[in-house]
Amino acid sequence: MKARIFILQLLLLITFQNYAQEILGVVTDRKKEPIINASVRVTQAGILKGNTVTDYDGKFSVKPLEEGLYDVTVSYTGMQSKTFTQVVVSAGGKTEVNFVLQQTGKELKEVFVNYDHFNRGRGYRDSKVLSRKEIVAIPTNDTAARPMASPIYQKKRNGVSENDTSIKH
């Protein structure tokens, strides 16, 4: 009985060690500021083995991975993608790969949001491109339903906002 338990524990240990490896790191810009929500892809021989996005501190971790050689690619909108090839992941180890991304030099001049909404009264869906003013004017009680947050306007009387609690004479 003890021999069976020992063999089972040994097999579990070997299996766990084969999948305990990970690739981790930090993604920053050239000013050493973390890049939040950058896409991280880990591939082996062109096959995706894992992917994630960076956290608030620009950190990422992809696991579990088998030991071997991997390509790690990081991309983020407005930045040049960067790839490290032949990253070695050894048994039971953690491999650290840090990225510093450069801006592409391209700037978005205009962004169109395709907002699919229900055309009230007609009973069919209407899909069209809306301007920023039209998006802000969409009636909703749910802030998550808006494709982008609208600015908050405050009505002023005599130079004082209605939300201002101080009294000016």
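Author: Two strands pair if DSSP finds at least two bridges between them. The model discussed here is predicted.

Reader: How many bridges join β1 to β7, and in which sense do the strands run?

Author: With a cut-off of at least two bridges, the strands qualify: β1 and β7 (residues 94-96) are joined by three bridges and run parallel.

Reader: Which sense does the pairing of β1 and β4 have, parallel or antiparallel?

Author: β1 and β4 pair over five bridges in the antiparallel sense. Q21, for example, has L65 in β4 as its bridge partner. β8 is also joined to β1, by three bridges, and these two strands run parallel. There, D29 stands opposite L101 of β8.

Reader: Is β1 mostly covered or mostly open?

Author: To read burial, take the cut-off of under 20% relative accessible area. Seven of the nine residues of β1 are buried, so the strand is mostly covered.

Reader: Where do side chains point along a strand in general?

Author: In a regular strand they alternate between the two faces of the sheet.

Reader: What is the order of strands in the open sheet?

Author: The open sheet has four strands in the order β3-β2-β5-β6, with antiparallel pairing. β3 (47-53) and β6 are its edges: each has a single partner strand, so one side of each is without a neighbour in the sheet. On average, neighbouring strands of this sheet are turned by 25° against each other, with direction ignored. Within the sheet, β2 and β3 run antiparallel and are joined by six bridges. S39 has V53 in β3 as its bridge partner.

Reader: Which residues have the most contacts inside the largest nonpolar core?

Author: A nonpolar core is read as a set of buried residues joined through side-chain atoms. The largest one here has 18 residues, and I23, V27, V42, F60, V72, V74 and F99 have the most contacts inside it. Two or more residues of this core come from each of β1 (21-29), β2 (39-44), β4 (59-65), β5 (68-75), β6 (82-89) and β8 (99-101).

Reader: With which residues is F60 in contact, leaving aside its neighbours within four places in sequence?

Author: F60 is in contact with I23, L24, G25, V26, V27, V40, T52, T54, V97 and F99. The residues I23 and F99 in this list are also among those with the most contacts inside the core.

Reader: How many aromatic pairs are there?

Author: An aromatic pair is read from the distance between ring centres and the angle between ring planes. The count comes to two pairs. In the pair of F60 and F99, the ring centres are 6.3 Å apart and the planes stand at 50°, so the pair is tilted. F60 lies in strand β4 and F99 in strand β8, 39 residues apart, and the pair links these distant parts of the chain. F60 and F99 are both buried. The other pair, F84 and F99, is tilted too, at 4.8 Å centre to centre and 45° between the planes. F84 belongs to strand β6 and F99 to strand β8, so this pair ties together parts 15 residues apart in sequence. F60, F84 and F99 form one aromatic cluster.

Reader: Why does F99 count as buried?

Author: F99 has 1% relative accessibility, and so it counts as buried. F84 is partly exposed because its relative accessible area is 31%.

Notes:
Residues numbered from 1 in each chain as written. Predicted model: local features only at pLDDT ≥ 70, side-chain atom pairs only at ≥ 80, totals over all residues. Heavy atoms only, no water. Core = buried A, V, L, I, M, F, W, Y, C linked by side-chain atoms within 4.5 Å. Buried < 20%, exposed > 50% of the residue type's maximum accessible area, 1.4 Å probe, protein only. Contact = heavy atoms within 4.5 Å. Phe/Tyr/Trp six-rings, centres within 6.5 Å; stacked < 30°, edge-to-face > 60°. Axes fitted to C-alpha atoms, helices over the stretch in contact; angles between N-to-C directions.
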